[in-house]
Amino acid sequence: RPKPYTHGQSLIAAGVMEPRGVLACYLFWVLLSLAPVMTLVAMGHALAWVPWLVATACAPWYSLAKVSWHPELPLAIGFGPMATLLGMAAAPELDLVRGLLAGAPLGFLFGFVMEWWDQWYDAESDYPKGGRSIGIWCGWTGRPITLLLAFGLFLTMLLHGLVVTQGALSRLTL
């Protein structure tokens, strides 16, 4: 279903691409992303492989989770902590706890809050396929999404405040 904020989706359904072509594109970008990771590993940052592997697995996981109850989880993990840890992998020492904390607010915002909005738009097509996320439920039952989004933004701000008080982010990061 077309959305007001994106173009070019449903390429398989429209007959523009075949599933094998989408898989080939995914594998191309995975292989391309190996260059910076191999550079980090060659520089002695062997832990760069860990967040890269987890983040790479999030794309196919999301494809499966989209028609289930948990599409937010792979997005939250990939957009937040894994992206942060991958960026931190270039530092002399990788602080896993600080990286996980620092990535949590963005992971929650993009993985949960924005996915609720996206799933709300997709409720008509995804509910019959088995999608049961909070956003799909709101869209399928005709409930407005605005209060849920406001609550999600409030939780994001609380999470950001917690991360700042724990010293993982500066006070001026938002």
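**Reading cores, patches and cysteines**

Guide: Leu106 is partly exposed, with a relative accessible area of 45%. Buried means under 20% relative accessible area, exposed over 50%, and partly exposed in between (1.4 Å probe, protein chains only). This is a predicted model: local features need pLDDT of at least 70, side-chain atom pairs count only at pLDDT 80 or more, and totals for chains, interfaces and linings use all residues. Residues are numbered from 1 along each chain as its sequence is written, and side-chain values use heavy atoms, with hydrogens and water left out.

Visitor: Where does Leu106 lie?

Guide: Leu106 is in helix H4. Helices (H or I, at least four residues) and strands (E, at least two) are DSSP runs, numbered from the N terminus. Contact means heavy atoms within 4.5 Å. Leaving aside neighbours within four places in sequence, Leu106 touches Gly80 and Gly111. Its C-alpha is 7.9 Å from that of Thr156, 50 residues apart along the chain.

Visitor: Which residues make the nonpolar surface patch?

Guide: Patches are made of residues with over 30% relative accessible area and no salt bridge; like charges are joined within 9 Å, nonpolar side chains (Val, Leu, Ile, Met, Phe, Trp, Tyr) within 5 Å. A salt bridge is a side-chain nitrogen of Lys or Arg within 4 Å of a carboxyl oxygen of Asp or Glu. Here Phe79, Leu106, Phe110 and Met114 make a nonpolar patch of about 360 Å². H4 gives the most, three residues. Met114 is in H4 and is partly exposed, at 31% relative accessibility.

Visitor: Which residues form the largest nonpolar core?

Guide: A nonpolar core is a set of buried Ala, Val, Leu, Ile, Met, Phe, Trp, Tyr and Cys residues joined through side-chain atoms within 4.5 Å. The largest has eight: Phe108, Leu109, Val113, Trp116, Cys138, Ile145, Leu148 and Leu149. Helices H4 (96-126) and H6 (146-165) each give two or more residues to this core. H4 supplies the largest share, four residues. A second, separate core has seven residues, including Leu34, Leu40, Trp52 and Ala89.

Visitor: How many disulfides does a search of the whole structure find?

Guide: A disulfide is a covalent bond between the sulfur atoms of two cysteines. The cut-off is a pair of cysteine sulfur atoms within 2.5 Å. The search finds zero. Take Cys25: the closest cysteine sulfur, in Cys58, is 19 Å away, too far for a bond. Cys25 is partly exposed at 37% relative accessibility, whereas Cys58 is buried at 6%.

Conventions: Accessible areas come from the Shrake-Rupley method with a 1.4 Å probe; for residues, only the protein chains shown count as cover.
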